[in-house]
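Dear colleague,

I am handing over the structure below, and my notes on it follow. Please read them with the coordinates open.

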Amino acid sequence: MAHHTQSGTTFSRAFTRQTSQRKAYVGTDLEHAHELSALKVKIAKTALQLPPALVINNDLDATLYRFLRARSYNVDRAYAMLEKCLQWRQRVGADTVLEQPYDTRLAALIRSCRTSSYIGYDHKHHPIFVERIGKLDGRRMEREGVADEDLLAYHLREMEFMGQVVLAEASAAAGHTVDRTVTMMDAHGLSLAQLTGFSQRIFRLLAGMDSDNYPECCDAIYVVNAGTTFTAIWRLLSPFVDKGTRDKIRVTSGGKHSQQVLFDAFGAELVPNFLHGQLDYEAVRQQWLNKMDAAIGERQKHPKGPQPPIVLQVDANGQHPQQQQQQQVQSARSSFTGASHWQHRPSIAAG
C-alpha cells in the first residue's frame with residue numbers, strides 16, 4: 001500500500017510542476033498577435049474557407065489561436081493542421097453531424113459501457129466532464145459488435161455537441177469565449193485486464209481525433225485514485241496524447257488528498273458522490289444525456305444544413321485580413337458538403 005501511495009504521489013508532483021509552469025493562455029496568445037495576423041493572411045491568400053461549426057462562439061481569433069498554440073505558434077504548421085482538419089470535417093460530415101439520424105440502440109450500449117458525462121461548470125464557466133475509466137467495459141462493447149467506426153461516430157457527435165452546444169452556452173453565460181473544458185478522471189477499479197487490443201486501439205483513435213481536430217480544448221485534467229496500474233497503463237498510452245494535453249494533467253493517488261484537490265478546484269457541490277462530494281452523479285449524468293439527445297433531436301427536426309463559410313480577404317497590399325461570411329448558401333454547400341463514410345454505415349444511420 002505504501003508503494004501504491006508513493007508511486008501516485010511521485011507522479012502527481014511531476015504533473016503538478018508541469019501544470020504550475022503554464023502561462024495564462026490569453027497573455028501568451030497576445031504575445032503572438034503577429035503570428036495570428038500572418039495565419040489570417042495565409043488563409044485569405046489561399047482562399048481557405050472555414051465552416052462556422054468549427055468556430056466556437058463565433059470567435060475566429062480564439063479558434064485560430066487554438067491551432068497556433070497546438071503548433072507552438074508556428075504559422076505554417078498551424079495552417080497545415082487547420083487545412084487537414086477542414087478536410088477531415090468535410091470527409092466525416094462534422095458540420096451537420098448533429099442533424100443526422102443515428103442508431104439510438106448503439107448509443108445506449110456505448111453509454112452503458114462508458115459511464116462518462118458532463119456535470120456542470122466550474123467558477124470560470126469551463127464545462128466539467130467526468131470520465132470513469134475504471135468502469136470502462138471495452139470487452140462488452142467488443143463482444144456485442146461495437147466497431148471502431150461506431151465509437152468514432154459516437155465520439156464525433158460528443159465533440160460537436162461540446163463545440164456547438166456546451167461551449168457555446170458556457171460562452172454566453174460567461175460573456176466571453178469559453179473554448180476549453182476541465183475533466184475529472186476517476187481511475188478507481190482500473191485493471192490491466194481492461195487494456196485489451198480493442199481498448200488500446202480505440203484510445204489511440206479517439207485521442208488522435210481530438211488532438212488533430214479539436215486542439216487545445218482542454219484546460220485541465222484531474223486524475224484521482226491513480227495507483228500503480230494507472231501509472232503502468234499511462235506510460236504505455238501517453239505517447240498517443242499530445243504534449244499540450246499531457247502538460248495539463250494532475251494525478252493524485254487517492255484518499256483525503258485527492259478529495260481535497262477536487263474540493264479546492266470545484267467545491268464539494270460539484271464533486272460526484274462516488275468521489276465523496278455532494279453531487280448526485282447518476283441523476284445529473286442522465287440530465288446531461290437528455291440534454292444531448294434533445295439538442296440532436298431539435299437539429300434533426302429543423303436541420304439548417306451546411307452554413308455559409310467564413311472567408312478572409314486581404315487589402316490591395318495583401319495585408320490586414322478582414323472576416324466576411326458568404327451569403328450564398330449554395331456556395332457553402334458545394335464547399336463543405338461531404339458524405340461521411342461513418343454516416344452510411346447501417347449501424348449509425350437509420351434508414
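Which residues are buried in α3? In this predicted model, where local features need pLDDT of at least 70, side-chain atom pairs count only at pLDDT 80 or more, and totals for chains, interfaces and linings use all residues, they are Leu36, Leu39, Lys40, Val41, Ile43 and Ala44, buried meaning under 20% relative accessible area with a 1.4 Å probe and protein chains only. Residues are numbered from 1 along each chain as its sequence is written, and side-chain values use heavy atoms, with hydrogens and water left out.

Just after α3, Ala47 has a positive phi of about 55°.

The cover over the buried residues of α3 includes α4 (60-70), α5 (75-92) and β6 (310-313). The axes of α3 and α5, which are lines fitted to C-alpha atoms over the stretch in contact, with angles running from 0 to 180 degrees between N-to-C directions, come within 10 Å and cross at roughly 50°. The contact (heavy atoms within 4.5 Å) is made by Glu35, Ala38, Leu39, Lys42 and Ile43 of α3 and by Val75, Asp76, Ala78, Tyr79 and Leu82 of α5.

With kind regards

Note on methods. Buried means under 20% relative accessible area, exposed over 50%, partly exposed in between (1.4 Å probe, protein chains only). Helices (H or I, at least four residues) and strands (E, at least two) are DSSP runs, numbered from the N terminus.
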